[in-house]
Amino acid sequence: MTSAPENGSLPPVTPRTILRAGDVVTQPGWPAEDVRSVHVVRIGGAGMSAVARLALESGLTVSGSDSQEGQFIAPLRAAGARIGIGFDAGLLAPDLDLVIVSTAVRADNPEVLTARERGIPVIHRAAALAGLLRDRDLVAVAGTHGKTTTTGMAVTALRGAGHDPAWALGAAVPDLGRNAGLGAEASLPPAPSDRATGSGLAVVEADESDGSFLAFAPRSLVVTNLEPDHLDFHGDAAHLTAAFDALTTQLAPGGTLVVCADDPGARALGQRAAERGLSVVGYGTGEDAQWALRQERSGPRGAEIVIDTPRGELTAQLSVTGHHNVLNALGALAASAAAVPEADLTALAAGLGTFTGASRRFDVAGTAGGVTVVDDYAHHPREVAATIAAARGIVAAQPVPGRVLVGFQPHLFSRTRDFAVDFAAALSAADLAWVLPVYAAREDPDPTVDARTITDLAAAAVEPVAGDEDLVARVVATARPDDLLLMLGAGDIVEITPGLMAALDAARGRP
């Protein structure tokens with residue numbers, strides 16, 4: 001990965017980032033003075049709860065709010081956080097030092113308005129995360145897809161080699177016990193140790209959606225892929241690419257950029273960084289990758305891989321399936337080895353092999369009426385295509401081959417509009433697919449965009465459905481034993497799955 005860029009240097013574009021003072025973020029970074037008390041708005045989200053957990057383990061007083069209860073709130077309460085349901089300025093303590101928000105928090109939130117009136121700094125979650133981990137060497141995982149999985153893999157790999165890094169990621173990972181921590185065993189309040197002083201390693205998922213990953217200055221940065229997404233914030237692919245280029249310039253002295261050489265966007269990013277004199281390592285299937293996949297034997301329960309590494313051949317046994325996860329594993333190994341050059345590669349691989357997956361990443365919910373039901377967070381065309389391909393390999397290997405069925409919930413009107421052609425192509429690879437109404441998330445409704453925006457461009461086997469009940473009815477009427485049903489999307493489609501499985505069982509005569 002030391003050749004000159006194939007497309008030459010890109011024209012200068014100023015990257016877009018939320019980390020600028022504005023209506024919500026009044027201070028881009030962690031304050032210089034000591035912080036003892038923080039309030040986290042929308043504390044129940046995966047990313048926000050991670051910040052709250054690290055703050056608690058750092059010995060800070062933590063309060064927070066959210067619109068409803070969620071899976072992350074009860075554990076935070078048990079750890080000592082004071083959390084209110086509903087946004088209320090009265091939740092802000094008199095001695096509060098800092099309010100932490102995400103891009104999803106609006107400027108008219110009553111807690112944000114009151115913080116501004118009281119002169120309390122309001123900072124983005126990424127800045128807070130960087131502040132909490134400021135004395136650690138960071139391994140940051142960025143990319144359009146695969147960040148959560150690769151982050152979790154890097155943590156387990158480092159643990160296998162005898163290290164105990166802090167971590168923060170955007171989903172629950174059963175193997176780690178929680179979505180963030182200062183070490184394998186939580187200590188509340190922190191015990192006198194590396195955790196208390198903040199030294200050592202940290203592995204973080206670096207989010208490109210709002211440019212907030214520019215809060216980090218990593219020692220090891222892995223970029224799994226780079227292709228257009230989040231154009232509702234960045235505007236176009238050029239600004240998104242500029243944000244990734246800017247992140248590479250923030251590598252710590254002596255740091256290493258690790259890129260997937262199989263992905264054109266990540267590869268070009270590495271080539272531009274190498275031209276500027278940065279240390280760049282590539283991984284993938286090509287001959288020029290320093291971490292090169294030589295053999296891959298995948299099955300429904302995992303994969304055995306053989307890798308050429310800078311230190312010789314390495315064999316690893318993975319507990320996750322799919323070629324995309326094999327590439328994620330290579331990225332995690334390369335980034336971990338770059339952060340800790342003295343780490344034993346066999347031990348890193350052994351730790352990696354204990355990783356069984358992140359929540360909502362090819363989660364097998366169970367079998368109902370003979371149909372295997374899988375829940376997955378895929379919400380970008382490439383993710384949808386990779387998940388369908390992994391499912392196709394599984395059903396083909398069954399004693400009785402089955403079909404791949406898909407229930408898909410588009411996430412964001414802007415993403416649905418921008419990538420409709422690609423979504424249509426990806427979903428057309430399934431035997432049958434049904435597209436739910438768009439999940440708006442942070443966006444206002446767009447009456448010009450709906451499920452038909454995708455299905456009108458797809459094969460005949462990709463159909464729109466009116467809602468949850470319509471999807472359940474069609475699956476029950478169509479699915480048969482040995483089929484595999486994928487429930488895909490980043491919205492609330494996961495809440496449909498239990499009722500759908502019960503309906504499948506009932507239709508096949510099981511209680």
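Visitor: Which residue in β19 is the bridge partner of Val 406?
Guide: That partner is Ala 433. Please keep in mind that this is a predicted model, where local features need pLDDT of at least 70, side-chain atom pairs count only at pLDDT 80 or more, and totals for chains, interfaces and linings use all residues. Residues are numbered from 1 along each chain as its sequence is written, and side-chain values use heavy atoms, with hydrogens and water left out.

Visitor: What makes β18 and β19 a pair?
Guide: Two strands pair if DSSP finds at least two bridges between them. Strands themselves are DSSP runs of E, at least two residues long, while helices are runs of H or I of at least four, both numbered from the N terminus. Strand β18 (residues 404-408) and β19 have four bridges, in the parallel sense, so they pair.

Visitor: Which way do the side chains of β19 (residues 432-435) point?
Guide: Leu 432 and Trp 434 point one way, Ala 433 and Val 435 the other, and all are buried. In a regular strand the side chains alternate between the two faces of the sheet.

Visitor: Why is Asp 137 called partly exposed?
Guide: Buried means under 20% relative accessible area and exposed over 50%, with partly exposed in between (1.4 Å probe, protein chains only). Asp 137 has 35%, so it counts as partly exposed. Arg 219, at 27%, therefore gets that label too.

Visitor: What makes Asp 137 and Arg 219 a salt bridge?
Guide: The term asks for a side-chain nitrogen of Lys or Arg within 4 Å of a carboxyl oxygen of Asp or Glu. Here the closest N and O atoms are 3.6 Å apart, so the pair qualifies. The two residues are 82 residues apart, with Asp 137 in strand β6 (residues 137-142) and Arg 219 in the loop between β9 (201-205) and β10 (220-223).

Visitor: Why does the pair Arg 403 and Asp 483 count as a salt bridge?
Guide: Their N to O distance is 2.7 Å, so it lies within the 4 Å limit. Arg 403 sits in the loop between α12 (381-397) and β18, and Asp 483 in the loop between α16 (468-478) and β21 (484-488), so the pair ties together parts 80 residues apart in sequence. Both residues are buried.
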